[in-house]
Amino acid sequence: MDKFLQVAIEEAKKGLAEGGIPIGSVLVIDGEIVGRGHNQRVQKGSTVLHAEMDCFENSGRLKAADYRRATLYSTLSPCDMCSGTALLYGIPKIVVGENHTFCGPEEYVRSRGVEVQVVDNAECRQLMESFIRENPKLWNEDIGE
């Protein structure tokens, strides 16, 4: 398995252990992790701290040229908000752990020139399936339903 996706899975598990939603994300530039995060909507009472947003926040201020060399990893297909942030900063590649439990606007992101690679990782899928089964109301809140 890709070592960067494995770090994103570790982030997802950290979020679950904290009582949150098990989604993790990592931002990689030139083969180095520059930021990592996990969904913290529950832990911090936030409306926007999805895993990718937490990851971006933890990456700090970067130059536009840095983002154009980046790959965003996420255990789950990024939603409209997180995909939009990736588009805003010109991130050229997104690696998605799984998109069966939730699929963001992947086709739109692709149409904007971003390479979206879905790896269909069983561990990512199992984490989300278990969480959704056990916490349907919280999950629906997270995705805006």
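Modeller: Let us begin with Phe-4, which counts as buried because its relative accessibility is 12%; buried means under 20% relative accessible area, exposed over 50%, and partly exposed in between, with a 1.4 Å probe and protein chains only. This is a predicted model, in which local features need pLDDT of at least 70 and side-chain atom pairs count only at pLDDT 80 or more, while totals for chains, interfaces and linings use all residues. Residues are numbered from 1 along each chain as its sequence is written, and side-chain values use heavy atoms, with hydrogens and water left out.

Biologist: How many aromatic pairs does the structure hold?

Modeller: A pair of aromatic rings is described by the distance of the centres and the angle of the planes. Rings of Phe, Tyr and Trp (its six-membered ring) pair if their centres lie within 6.5 Å; planes under 30 degrees apart count as stacked, over 60 as edge-to-face and the rest as tilted. The structure holds three such pairs. In one of them, Phe-4 and Tyr-73 have ring centres 5.6 Å apart and planes at 50°, so this pair is tilted.

Biologist: Which parts of the chain does the pair of Phe-4 and Tyr-73 link?

Modeller: Helices (H or I, at least four residues) and strands (E, at least two) are DSSP runs, numbered from the N terminus. Phe-4 belongs to helix H1 (residues 3–17) and Tyr-73 to strand E3, 69 residues apart, so distant parts of the chain are linked. Tyr-73 also counts as buried, at 7% relative accessibility.

Modeller: Phe-102 and Trp-139 form an edge-to-face pair, with 6.1 Å from centre to centre and 85° between the planes. Trp-139 is buried, with a relative accessible area of 5%.

Biologist: Which strand pairs with strand E1, and in what sense?

Modeller: Two strands pair if DSSP finds at least two bridges between them. Here strand E1 (residues 24–29) and strand E2 (residues 32–38) are joined in the antiparallel sense by six bridges. Leu-27 has Gly-35 in E2 as its bridge partner. Two residues separate the strands of this hairpin, and Asp-30 in the turn has a positive phi of about 50°.

Biologist: Where is His-50 placed, and is the residue buried or exposed?

Modeller: His-50 is in the loop between helix H2 (41–44) and helix H3 (51–59). His-50 is buried, at 9% relative accessible area. Contact means heavy atoms within 4.5 Å. Not counting residues up to four places away in sequence, His-50 touches several residues, including His-38, Cys-79 and Asp-142.
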